[in-house]
Structure formats: C-alpha cells, structure tokens
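Please walk through this structure with the sequence and the coordinates side by side.

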Amino acid sequence: MTKRANGEGTRITRHANGQWWCRVTLPNGKRKPFYGRTQREVIEKRDHYLADYRAGRISTDAAQPVGKYLRDWLHGHKSIKPRTRLDYERQIELAAPIHNVRLDQLKPAHVQTLYDELEERGLGPVSVHKVHRVLRIAFRRAAKLGYILRSPTDLAEPPRIEPGEHVTLSAEQGRGFLESTRGDRFHALWTLALLQGLRSGELRGLRWSDVDLDAGRVTIRQTVSDLGKAGLAPGTPKTPKSRRALALSAAAVEALRAHRTRQLAQRLAAATWEDRPEWADLVFTTCTGGPLCCTALHKPLQRALSAAGLPPMTPHELRHSYATILAEHGCDLIHVQHQLGHSSYHLTADTYTHARQGRKSIATETVDRLFPVDSETG
C-alpha cells in the first residue's frame, strides 16, 4: 500500500455526534483538521484550504498571538499620521482581552465578548466602535495576507450608536456671539469656526500664506496635531477632501484683517517670538507666536459664550452650528460636505438631514410654485 503524501489527508471518519472530519499533515509538519456535516463538505474544505496554502495565500504566521500581530501591523503601518497612531495604540490596548488568542483561532465570539466586556467596564458605544474600527482594519489586512480566511469582526456587532445631541447656535445667536467678541483676541478664530466651519486642528494650523484676503479665499493645507506627551506637531488635513479651498465670507475677511493688525502689534511688543520654521506664519498663536494646543481654546470660548449669555460649547460645536444653519436655510448638502471637508456625502447627510426636516423641501416649494392654490376655490 502506497503511503499518502503530505497534504493528501487521512481517511474521512465520522464522530459519534454525526459530524465528519479528516486531518491533513502540511508540508511544514503541522496537522490541520477539517470538519463538516457531510463527507463532500469536508473534502471541499480540505481541497480549498490546500489550494490556498500551496498558492501562498495561507501563512504560518497565523499561529501568532493576536496582540503580537496587532502591534506588528501598527508598526508596519507607515502611512498613518502620528495622532492617528496614538489613537490606534489606545484601541489596541483596550483589546487586551483577546491579545493571547492565536490569530488563526480567533472567532467572532471572541470579538463579541470583547465588545460586551468593554461596555460592562463603562465604555460608551462610540468608544467601542473605535476599537471595532481598528480591529476591522487590522484583521481585514490579515485576511488579505492569507493569515486568516475571514476577518472575525465581520460577524461581530458593536453596540449601536444613537444620534448624539449637539448644542448649536441659531443664526441670530451666532450674530450676537460674534458681535460680543469683537474685542476678543480669538474673535477671528471664532468667526472662522462659526462662519466657515473649520475644524480646531485646521484653525490652529492655518498659515497666513494660505489666506488671500484680497481674493477672499482660504486654502486648508496644514493642521496642528496634539500628540500627548510628545507635544504638538504640524500635520496635514484628515483626508484628501479636507484639503480644500474655500471662499471667505465678508465677515471672515474683516475679522482676519483686524486680527493680522493686532498680531503684528503683539509681535513687535513681545520680548521673544516663536522662530522655528514649522511654526512660522501661523494665523492663530500663543502670546509668543507658538502653536495653540486644543485645550488652550476651551476657557476663552466658555468666557466668550458666557458673556454673550449663551450655553457652554466646544469649538467643534461652533463648526456644527455652521453646518446646521446652512442645512436649515436650504443650502445643498453637497455644498455643506465641501465646506466641511467631509470624506463622503453620506456622512454629511446622516449628520445634518435632521436640520432640514422642519423646513419645506425644495421639491415641495417647487410644486407649490408651479401649482398654486386658487384662493377663491381653495
């Protein structure tokens, strides 16, 4: 009787529970079992796996612990920004309960249990979704490399995120707020947040070379990233669509002209001024010309809001107010997407469609105009 070659498998046998199975010895000496409800299912699984293995689509690296794979994956992920890398490190740390599971033995149930445990520890749905997003990216990469056949996150369900309530300003409140902050050193910053919808990092990274006051345009090319203990670093916008050119409102141009005059006077009066090339030419700075950290805006904004008789808000909620005001007054959401620098129209629509629900749709206004009601017969 001829001995079977490695990979051809032993005979298919049946367990007492009725399930069929066989086991093959791979060229590396390891044994791999296959199970199925029928003999044909076992043969198909075996042959499919062996075809992938021989074609180089299955790697022996699948036997490594999940924690090691995630760390190596992040280390080799050279294209992500420093701030994003810090966030990914936090999400990987939160996934510690599955770190010791072998990558090729990780099941959707492991991942689902992780999500449930994180919720029990007090993490909110948004935080759990961040973990899910990082694991999904990492494990889909593992599947593409052939370490696993399918990402276990595809069958796990993170908790549902309910739409959050944001504090927003109406157009009338916004006018009152900007009027009350005219003497504020951050007046121009509040104006660009509320009337242009810029992100905090975009505002703090804005350079005068990116502003054309005569043409009334601004181009978003740089951001400031907060890297925790590593300090602040210049960065680039979040996505290609975040790198955008915007027309400035008349109020924004006026505020920036006044701000530039004030900043030049402040620079002349200062004993020292930041002279590092990476921070040269910033529009919004500390009193010595350095970059602003995100927390530096919190107290000044709360003071300005309180003085205007308005509730506490974050700089991001000024941006959110801008988009909500546009949506409420009939601005096309495609235009809102461009102004905000969102990566997709769906993100804008999911976030701001509610702002238009209390207003007649453009379709209804068109029908009313074309088919007016006769007041005598109506």
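**From the surface inward**

Val-367, Leu-370 and Phe-371 make up a nonpolar surface patch, and their accessible area together is about 340 Å². The model is predicted. Phe-371 sits in the segment that follows helix H14 (362–370). Is Phe-371 buried or exposed? Its relative accessibility is 61%, so Phe-371 counts as exposed, the cut-off being over 50%.

Next come the charged side chains. Side chains of opposite charge can pair when their charged atoms come close. How many salt bridges does the structure hold? There are 18. Three of them are followed here, each with its own setting.

Start with Asp-72. Its salt-bridge partner is Lys-68, and the closest N and O atoms are 2.7 Å apart. Why are Asp-72 and Lys-68 separated by about one helical turn? Both belong to helix H2 (residues 66–76), and they are separated by about one helical turn because they are four residues apart in that helix. Asp-72 has 39% relative accessibility and so counts as partly exposed. Lys-68, at 40%, is also classed as partly exposed.

Helix H3 (residues 82–94) holds the next pair, Asp-87 and Arg-90. Their side chains meet in a salt bridge at 2.7 Å, N to O. Here the spacing is three residues, so about one helical turn separates Asp-87 from Arg-90. Asp-87 is partly exposed, with a relative accessible area of 27%. Arg-90 counts as partly exposed at 39% relative accessibility.

One of its links is the salt bridge between Glu-41 and Arg-37, where the closest N and O atoms are 3.7 Å apart. What is the relative accessible area of Arg-37? It is 70%, so Arg-37 is exposed. Glu-41 has a relative accessible area of 22% and is therefore partly exposed.

Now turn to the sheet. Strands of a sheet pair through backbone hydrogen bonds, either parallel or antiparallel. In this model, three strands form an open sheet, ordered S1-S2-S3, with antiparallel pairing. Which strands stand at the edges? They are S1 (13–14) and S3 (31–36). Each has a single partner strand, so one side of each lacks a neighbour in the sheet. S1 is joined to strand S2 (residues 20–25) by two bridges, and the two strands run antiparallel. Arg-14 stands opposite Trp-20 in S2. Helix H1 (residues 39–54) lies across S2 and S3. Relative to S3, H1 runs at about 145 degrees.

Finally, return to helix H3, where Gln-91 has its place. Is Gln-91 buried or exposed? The cut-off for buried is under 20%, and Gln-91 has a relative accessible area of 10%, so Gln-91 is buried. Which residues does Gln-91 touch, not counting residues up to four places away in sequence? They are Ser-127, Lys-130, Val-131 and Val-134. Take Val-134 as the example. Along the chain, Gln-91 and Val-134 are 43 residues apart. Their C-alpha atoms are separated by 6.9 Å.

Conventions: Residues are numbered from 1 along each chain as its sequence is written. This is a predicted model: local features need pLDDT of at least 70, side-chain atom pairs count only at pLDDT 80 or more; totals for chains, interfaces and linings use all residues. Side-chain values use heavy atoms; hydrogens and water are left out. Patches are made of residues with over 30% relative accessible area and no salt bridge: like charges are joined within 9 Å, nonpolar side chains (Val, Leu, Ile, Met, Phe, Trp, Tyr) within 5 Å. Accessible areas come from the Shrake-Rupley method with a 1.4 Å probe; for residues, only the protein chains shown count as cover. A salt bridge is a side-chain nitrogen of Lys or Arg within 4 Å of a carboxyl oxygen of Asp or Glu. Buried means under 20% relative accessible area, exposed over 50%, partly exposed in between (1.4 Å probe, protein chains only). Two strands pair if DSSP finds at least two bridges between them. Contact means heavy atoms within 4.5 Å. Axes are lines fitted to C-alpha atoms, for helices over the stretch in contact, and angles run from 0 to 180 degrees between N-to-C directions.
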